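Dear colleague,

Please find below the structure that I am handing over to you. My notes on what was found in it follow.

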Amino acid sequence: MQTIKIGIITSSDRAAANVYEDISGKEIINTMNEYLKSEWDPVYKVVPDEQDVLEKTMIELADQEGCCLIVTTGGTGPALRDVTPEATEAVCQKMMPGFGELMRQVSLKYVPTAILSRQTAGIRNQSLIINLPGKPSAIRQCLDAVFPAVPYCIDLIEGPFLEHNPEVIKVFRPKKK
Amino acid sequence: MQTIKIGIITSSDRAAANVYEDISGKEIINTMNEYLKSEWDPVYKVVPDEQDVLEKTMIELADQEGCCLIVTTGGTGPALRDVTPEATEAVCQKMMPGFGELMRQVSLKYVPTAILSRQTAGIRNQSLIINLPGKPSAIRQCLDAVFPAVPYCIDLIEGPFLEHNPEVIKVFRPKKK
Amino acid sequence: MQTIKIGIITSSDRAAANVYEDISGKEIINTMNEYLKSEWDPVYKVVPDEQDVLEKTMIELADQEGCCLIVTTGGTGPALRDVTPEATEAVCQKMMPGFGELMRQVSLKYVPTAILSRQTAGIRNQSLIINLPGKPSAIRQCLDAVFPAVPYCIDLIEGPFLEHNPEVIKVFRPKKK
């Protein structure tokens with residue numbers, strides 16, 4: 001059976017320089033542990049907010065590591081150093097605008113500054129890449145919103161079958177035609 | 001008086017190979033018959049999920065056939081062979097992001113996997129091109145949501161005046177300034 | 001102390017040719033006067049719907065005039081002469097899709113043709129550029145929706161501190177980490 005690998009990339013100058021601990025990346029790992037019944041291996045990277053480093057890391061996790069899902073945190077705002085959406089777009093063949101739209105809509109229930117998040121998602125070969133915000137509480141809100149569609153998306157790009165924990169998250173797979 | 005032509009393009013490898021009947025394209029024709037009081041001629045094509053074939057077909061329906069509206073079905077998901085949005089973007093001068101946003105929002109009321117649809121819309125010269133999902137029930141939900149803005153959009157790009165059936169669909173045209 | 005400059009660009013062939021008075025640009029200035037307690041100077045331009053003229057004007061207001069915020073009105077529809085979003089995208093380094101999504105969503109409460117608006121926002125260096133619709137009543141609806149996030153956005157791109165009037169508009173700035 002295929003090992004399920006999920007990539008987690010924290011984009012943060014300060015976390016990469018050990019100025020502070022990366023809580024956001026750990027929040028993603030914890031959330032995935034709660035969501036998934038399948039065995040899975042995290043491939044976890046903390047990188048500075050540099051577009052070329054982000055692109056290289058995404059490509060490595062998709063192409064060499066074979067992660068079916070790559071989740072980023074940080075670097076989605078309007079500031080000069082926020083370049084995660086640009087890196088994502090550069091490495092993906094297909095963009096998935098529905099993810100960013102839904103995540104912003106959900107975050108808008110909490111803060112009006114949710115519209116400042118430029119987070120998006122896309123497909124590189126057989127990997128789904130999703131940008132999450134940097135703030136740990138917003139990470140969980142966004143994942144709760146979009147994860148119900150993630151296992152079916154990975155089915156459609158011919159990745160491994162993700163088995164979820166229905167007591168934690170509801171996941172939707174349409175019946176086969 | 002100008003003949004009103006509406007293009008319908010089904011993007012589906014299996015329908016193009018006659019593996020199954022194209023129900024989706026027929027659903028669009030039936031819906032348009034219900035919506036419109038104007039006489040109109042369908043220009044109906046079933047093509048495989050190939051970006052170059054899709055682009056050529058859209059261009060033919062817009063430029064040679066003079067369709068004021070071209071509606072596609074299928075090919076909007078994340079799978080390798082889903083390339084309808086890319087073909088649409090390649091042939092349009094202007095993109096209309098509001099169509100995809102609203103259609104995903106409406107579909108989200110039914111299924112959380114609505115965010116996987118990458119459907120969009122755009123303008124090529126005097127043609128409005130709208131991507132619809134492949135599933136017949138989702139086609140009607142999406143058309144009901146966006147069609148109220150379609151006749152005015154076609155007015156703005158100097159196409160023919162579409163007369164609708166107010167008992168079936170409400171259409172909005174702002175008063176002239 | 002830094003002078004706060006806000007650019008207002010009306011894109012309209014008829015207003016630029018003095019066929020009619022530009023009410024939309026004035027509506028933006030009035031709204032900003034109501035919103036802001038900070039002293040500010042408008043830099044106000046009325047230009048025809050020409051993409052190169054729009055781009056040059058945006059660049060001038062951002063780079064020479066140093067406007068932290070540039071608000072456009074008009075030119076966001078599907079018609080041939082509507083090119084404001086294209087000009088905005090051409091001069092910005094970062095696009096902010098959340099602004100357009102929220103403005104269309106708010107406008108949809110009033111008119112189903114809101115999906116025809118292609119308005120967007122983006123960042124050029126230290127300037128936030130926001131497209132608003134052309135219609136004066138829609139301008140206020142859209143600004144009321146997105147302005148709560150504008151001062152913090154300008155903080156993040158290292159622009160001046162905008163002080164707002166809390167009796168007119170609620171603005172959100174997250175607490176410093």
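Predicted model: local features only at pLDDT ≥ 70, side-chain atom pairs only at ≥ 80, totals over all residues.

Residues are numbered from 1 along each chain as its sequence is written, while chains are lettered from A and ligands numbered from 1 in the order in which they are written. Helices (H or I, at least four residues) and strands (E, at least two) are DSSP runs, numbered from the N terminus.

**Strand E6 of chain B**

B:Ser127, B:Ile129 and B:Asn131 point one way from E6(B), and B:Leu128, B:Ile130 and B:Leu132 point the other way. E6(B) pairs with strand E3 (residues 69-73) of chain B in the parallel sense, over five bridges; two strands pair if DSSP finds at least two bridges between them. In E6(B), B:Leu132 stands opposite B:Thr73. Strand E5 (residues 121-124) of chain B pairs with E6(B) in the antiparallel sense over four bridges, and B:Gly122 stands opposite B:Ile129. Two residues lie between the strands of this hairpin, where B:Asn125 takes a positive phi near 50°.

**Helix H2 of chain B**

The buried residues of helix H2 (residues 23-35) of chain B are B:Ser24, B:Gly25, B:Glu27, B:Ile28, B:Thr31 and B:Tyr35. They lie on the same side of H2(B), because they cover an arc of only 155° around the axis; the arc is that of the directions from the helix axis to the C-beta atoms.

**Chains A and C**

Chain C can be laid on chain A with an RMSD of 0.0 Å by a turn of 120° and a shift of 0.0 Å along the axis, with copies superposed by least squares on the C-alpha atoms of residues with pLDDT of at least 70 in both. This is the relation of a three-fold axis. The C-alpha of C:Glu101 is the nearest to the axis in chain C, 4.3 Å from it.

Terms used. Buried ≥ 20, exposed ≤ 12 C-beta atoms within 10 Å, placed from the backbone. Expected span 1.5 Å × (residues − 1).
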